[in-house]
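Dear colleague,

Please find below the structure that I am handing over to you. My notes on it follow, and I would ask you to read them with the model open.

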Amino acid sequence: MTPDHNTSPAHSDIFDPSYHISQICTLIKDTHVKSGASGYVVGISGGIDSAVVAALITRAIGTKQIIGLFLPSPTTPKADYDDVDLLSTWLGISTQMFSLEPVLAGYQGILAGDEKARGNLTSRVRMNILYLYANENRLLVSGTSNKTEWYTGYFTKYGDNAADIQPIIHLFKDEVYALAEYLQIPSVFIEKDPSAGLYEGQTDEADLQMTYTVLDRAFRSLEKHNWVAQNDEEVQALKLYNAASHKRTFPPHISFTNRPLSSS
């Protein structure tokens, strides 16, 4: 699938990057203060979302209160190593690298050949390490999910959706690109194909079988029309949304308020 990265939000409302940056920075600062934590740890991947989140945290509370963790797996593209170094230098933040290879190797005896299952495992191992590092250093884990991913379920349950704060989860993918341009994030992050790097040659849009531009347009229309699809692309987007509903809700359970009172 040919990538289609439209970096200008394609909707009638005027998107004001400065307003959204102000709101997000306030959220980051307030969460930081109320938690009593020393700062944030962010999983830096070499992608646009983590680059924008790291830039926003740096803008909100400074370079000393953020640590980047780069957690490459055996399938991480080599270019990501250079891009992570570039981002760390550009932001002036400390970033540490820990290879997932020895951890993942410990699962080889029980892993089958399912590529998706291995990818989900990689995502969950990354989050385990992020929380381990956060716990040891009194930090909060910042998520990097955007609204398009949230709607489509393009994240790993208990993996990259786990976080103490989600600064950009209310923004569609094209709005994330708009923030990146406004923040003057290095162009390599804006121009590269979005990918989780969970297996060789993986790209987000190939997995989703729809481009982010089409998905953003479809979801905006679905929101406007009370989630009633108006065309084929919205039908497909709605299928993704409905199929991922279990990822966005609390696991099925008996209501705590429906337990009968014990007789005396």
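**Strand S1 and its neighbours**

Strand S1 and strand S2 (residues 66–70) run parallel and are joined by four bridges. Within this pairing, Gly43 has Leu69 of S2 as its bridge partner. Between the two strands the chain passes through helix H2 (residues 48–61), and this β-α-β crossover from S1 to S2 is right-handed. Please bear in mind throughout that the model is a predicted one.

S1 also pairs with strand S4 (residues 139–142): four bridges join them, and these strands too run parallel. Here Gly39 has Leu139 of S4 as its bridge partner. Is S1 enclosed by the rest of the structure or open? Four of the five residues of S1 (residues 39–43) are buried, so the strand is largely enclosed.

Arg138 belongs to the loop between helix H5 (115–137) and S4. The phi angle of Arg138 is near 55°, which is a positive value in a residue other than glycine.

**Helix H7**

Helix H7 (residues 173–182) is largely enclosed by the rest of the structure, because eight of its ten residues are buried. The buried residues are Lys173, Asp174, Glu175, Val176, Tyr177, Ala178, Leu179 and Ala180. Which elements cover the buried residues of H7? The cover includes helix H1 (17–35), H2, H6, H8 and H10. Just after H7, Gln184 takes a positive phi of about 60°.

**Lys192 and two aspartates**

Lys192 lies in the loop between helix H8 (187–191) and helix H9 (204–208). With which side chains does the side chain of Lys192 make polar contacts? Another polar contact, of 2.7 Å, joins the side chain of Lys192 to that of Asp83.

Trp227 is found in the loop between H10 and H11. Its phi is near 65°, again a positive value in a residue other than glycine. Is Trp227 buried, exposed or partly exposed? Its relative accessibility is 25%, so Trp227 counts as partly exposed; the cut-offs for this class are 20% and 50%.

Asn231 caps the N-terminal end of H11, with a side-chain oxygen 3.2 Å from the backbone nitrogen of Glu233. Helix H11 itself comprises twelve residues (residues 232–243), which at 1.5 Å a residue should span 16 Å; the end C-alpha atoms are 17 Å apart, and this agrees.

Which residues of H11 are buried? They are Glu234, Ala237, Leu238 and Leu240. These residues cover an arc of only 160° around the axis, and therefore lie on the same side of H11. Asp232, Lys239 and Ala243, on the other side of H11, are exposed. Among the elements that cover the buried residues of H11 are helix H6 (147–152), H9 and helix H10 (212–224).

Yours sincerely,
A colleague

Methods: Residues are numbered from 1 along each chain as its sequence is written. This is a predicted model: local features need pLDDT of at least 70, side-chain atom pairs count only at pLDDT 80 or more; totals for chains, interfaces and linings use all residues. Side-chain values use heavy atoms; hydrogens and water are left out. A polar contact is a pair of N or O atoms within 3.5 Å; within protein, one must be able to donate a hydrogen and the other to accept it, and residues adjacent in sequence count only if both atoms are side-chain atoms. The expected span of a helix is 1.5 Å times one less than its number of residues. Buried means under 20% relative accessible area, exposed over 50%, partly exposed in between (1.4 Å probe, protein chains only). The arc is that of the directions from the helix axis to the C-beta atoms. Contact means heavy atoms within 4.5 Å. Two strands pair if DSSP finds at least two bridges between them. A crossover is right-handed if, with the strands pointing away from the viewer, the path from the first strand over the helix to the second runs clockwise.
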